[in-house]
Amino acid sequence: MDNAPYSNDISAVVDADRAHLWHHLIQHKQFETIDPRIIVEGKGMRVWDARGKEHLDAVSGGVWTVNVGYGRESIANAVRDQLIKMNYFANSAGSIPGSLFAKKLIEKMPGLSRVYYSNSGSEANEKVFKMVRQISHRHHGGKKYKILYRERDYHGTTITALSAGGQPQRVMQYGPLTPGFVEVPHCLEYRNQYPDSESYGIAAANAIEDVILREGPDTIGAICLEPVTAGGGVITPPEGYWQRVQEICSKYDILIHIDEVVCGLGRTGTWFGYQNYGVKPDFVTMAKGVASGYAAISCTVTTEAVFDMFKDNPSDPMSYFRDISTFGGCASGPAAALENMRIIEDENLLQNTLTMGARLMNNLHGLAEKHKVIGDVRGKGLFCGAELVSDRQTKEPADEKMVAAVVADCMAQGLIIGMTNRSLPGFNNTLCLSPALIASANDIDEITDGIDKALIKVFG
Ligand SMILES: Cc1ncc(COP(=O)(O)O)c(C=O)c1O
């Protein structure tokens, strides 16, 4: 694994990094004694670091982003061609790739019709929050302003996106938060809060109704949910959950916002995660996989009914959506997204995600038979998690440091996996896997073999 494709001396880069870079999500004290990790090259499923060490990437760029894999020249060429022709104009005007990608995207999303561009998942979600607030002001006398979010879900890093965040460790020390966001309980069946109910899915959805009734239905404008919770522990919705959520939202006139920032563009084997569950959203947001990290782009997609609410009174100068995202006008984003989508279609990557996802799940179940520390295995498509526990009977979560040791051992082997990271106090115990949608059977087996070795090493 140590055949270096990159042999240049990059010590100057390491020095510059150590002296000036502030990396994301990491305590920097350690870099006084060890080198920061610098990734210099990627091809397909693999990346090479500054020392030439090769890694199999089982998390698509660390955070479930590079859906079509590294080194895609056709995307680079599409972006290059577009930049030379026309790189940027504010999105108050259209662009050729912007229009064409919106059309292609909407073809995959029956019932939705309008695409609003910005440049990160957090921002795409903030657009929805602003739209919901404006709808409340213009159509409900300012009353339906509250937005529900779910325990364990994550919707982004800005203060208001954090206000909609159900992961306490992400939020801690960043308050005060934006008012008007209200939490509903999680739907992780493995940690069933309603053991006496006949159907966990129905009970978990009914818990949302309880919150609605407590808050007052006429105060709630929308609910924001991940179709499959990602960083909160790869939580697939229980049977019957989404249908009941839909019924409850229709009953109380609450708009459904589905955050597809992780699940969007094929991760679960369908174009969008919600399409597995028959739900009809009013808003869908997406980012990471839209251009697989080849350009920064996010989309807030909505229905014609929502769109119409912002043009019903052209004589009122305050009635339209008065929002702009400067880099939402970068033409590189939709140019990359168009080619990214072509690749997913032409290489049949949705089917590959289903086939390889089934293999990954099967392998993980095999590991669970062998390792008592695996309490639960869950996932959809190439998006899987294994929750580690110190006792299967009591479901006591495994020590976070031991879970981190498994991730570190995989890294030492040249395998990059993830875990719930500084998100849920006491529950950062789920290993996370989201390989690129191009993964082969050998890649999948290499991933689970590496985890097997790491579990033996850490837990015996
Ligand atoms: C479900 C979900 N929504 C939103 C975001 C925020 O996206 P971004 O980091 O692009 O702002 C993330 C990021 O991990 C996410 O997992």
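A residue is called buried if 20 or more other C-beta atoms lie within 10 Å of its own, exposed if 12 or fewer, and partly exposed in between, with C-beta atoms placed from the backbone. With 9 C-beta neighbours inside 10 Å, glycine 426 counts as exposed. This is a predicted model, in which local features need pLDDT of at least 70, side-chain atom pairs count only at pLDDT 80 or more, and totals for chains, interfaces and linings use all residues. Residues are numbered from 1 along each chain as its sequence is written.

**Domains**

- The domain assignment gives domain 1 (11–68 + 348–459) and domain 2 (74–346); such bounds come from an automatic or database assignment.
- The centres of the two domains, taken over C-alpha atoms, are separated by 26 Å.
- Contact, meaning C-beta atoms placed from the backbone and lying within 7 Å, links 33 residues of domain 1 with 29 residues of domain 2.
- On the side of domain 1 that touches domain 2, the largest share, 5 residues, comes from helix 12.
- That side of domain 1 divides into 15 nonpolar, 12 polar and 6 charged residues, where Ala, Val, Leu, Ile, Met, Phe, Trp, Tyr, Cys and Pro count as nonpolar, Asp, Glu, Lys and Arg as charged, and the others, Gly among them, as polar.

- Leucine 433 touches Ala58, Val59, Leu360, Cys384, Ile417 and Ile447, not counting residues up to four places away in sequence.

**Helix 14**

- Helices (H or I, at least four residues) and strands (E, at least two) are DSSP runs numbered from the N terminus.
- Helix 14 (residues 441–459) has 19 residues and reaches 27 Å from its first C-alpha to its last, close to the 27 Å expected, the expected span being 1.5 Å times one less than the number of residues.
- Its buried residues are Asp443, Ile444, Ile447, Thr448, Gly450, Ile451, Ala454 and Leu455.
- Down the axis of helix 14 these fall within an arc of 155°, so they line one face of the helix; the arc is that of the directions from the helix axis to the C-beta atoms.
- The face of helix 14 turned away from its buried side carries the exposed residues Ala441, Asn442 and Ile456.
- Among the elements covering the buried residues of helix 14 are helix 13 (400–413) and strand 16 (430–433).
- Glycine 460, with a positive phi near 85°, follows helix 14.

**Helix 3**

- In helix 3 (residues 73–85), Ile75, Ala78, Val79 and Gln82 are buried.
- The buried residues of helix 3 fall within an arc of 95° seen down the axis, so they line one face.
- They pack against helix 4 (96–107) and helix 11 (332–346).
- On the other side of helix 3, Glu73, Asn77, Asp81 and Ile84 are exposed.

**Loops and backbone**

- Glycine 426 lies in the loop between strand 15 (418–419) and strand 16.
- The peptide bond from glycine 175 to proline 176 is cis, with omega near 0°; proline 176 is in the loop between helix 7 (168–171) and strand 6 (181–184).
- Aspartate 253, not a glycine, has a positive phi of about 55° and counts as exposed, with 12 C-beta neighbours inside 10 Å.
- Asparagine 348, in the loop between helix 11 and helix 12, has a positive phi near 55°.

How values were computed. Contact = placed C-beta atoms within 7 Å.
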